[in-house]
Amino acid sequence: MCVQASKLSPERVIICSVEAAQVPAWLMKAHVGLAFYQSGFSRVGTCPTKLGEYLAMGLPVVVTKGVGDTEPLVTTRRVGAVLSACCPLAYGLALDALEQLWADPHLSVRCRAVAEECFSLAQGVASYWRVYQRLTGASQEPESHEHGVASMSEEPADGALHVMS
């Protein structure tokens, strides 16, 4: 229904389900990632996994206002648009913002950099470790095998990420 009411040509919009292994190939065909959630108290602590996945693929995102801390990330880092409401006017404003972003030849690189900085496994482990330190008073960082992550600064010769359990 929204596609018919928009300026988009229906044949340019594809909505389908695919196997997990096919998702990266489909995302490579996309121009934007959508992370729409209904705002509310329960969404204050939400950070959509798909947000990091879209950014990691170099895609700008459109997120719903009031969902976690996605709004300042998306706006200050210039990696997408924020929907203030779910209505035609807000969709038009988001599309206008996206068109400006798409004109930037560095957009994809910036999206990827934000994903690596904010959503990487190494960043997640480091964040949890800081919480653990505050809660327990621990002062020394554990060995990599204690928190299950190999060093992210050194790439293994075979190109794989090796995780110890």
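This is a predicted model: local features need pLDDT of at least 70, side-chain atom pairs count only at pLDDT 80 or more; totals for chains, interfaces and linings use all residues.
Begin by selecting L34, F36 and Y91. These residues form a nonpolar patch on the surface, and together they have about 260 Å² of accessible area. Keep Y91 selected and display the secondary structure: Y91 lies in helix α5, which covers residues 88–102. Y91 has a relative accessible area of 32% and is therefore classed as partly exposed, the class between 20% and 50%.

Next, select the cysteine C86. The structure holds 0 disulfides. C86 is accordingly in no disulfide, and the nearest cysteine sulfur, that of C87, is 7.8 Å away. C86 is exposed, with a relative accessible area of 56%. Now move to C111, which has 0% relative accessibility and counts as buried.

Proceed to helix α7 by selecting residues 121–136. This helix has 16 residues and reaches 22 Å from its first C-alpha to its last, close to the 22 Å expected at 1.5 Å a residue.

Finally, select T64 in strand β2, which comprises residues 61–64. T64 is buried, with a relative accessible area of 6%. To see what surrounds T64, leave aside its neighbours within four places in sequence and display its contacts: A35, F36, Y37, S39, T70, V82 and L83. Among them is F36, a residue already selected as part of the nonpolar surface patch with L34 and Y91.

Methods:
Residues are numbered from 1 along each chain as its sequence is written. Side-chain values use heavy atoms; hydrogens and water are left out. Patches are made of residues with over 30% relative accessible area and no salt bridge: like charges are joined within 9 Å, nonpolar side chains (Val, Leu, Ile, Met, Phe, Trp, Tyr) within 5 Å. Accessible areas come from the Shrake-Rupley method with a 1.4 Å probe; for residues, only the protein chains shown count as cover. A salt bridge is a side-chain nitrogen of Lys or Arg within 4 Å of a carboxyl oxygen of Asp or Glu. Helices (H or I, at least four residues) and strands (E, at least two) are DSSP runs, numbered from the N terminus. Buried means under 20% relative accessible area, exposed over 50%, partly exposed in between (1.4 Å probe, protein chains only). A disulfide is a pair of cysteine sulfur atoms within 2.5 Å. The expected span of a helix is 1.5 Å times one less than its number of residues. Contact means heavy atoms within 4.5 Å.
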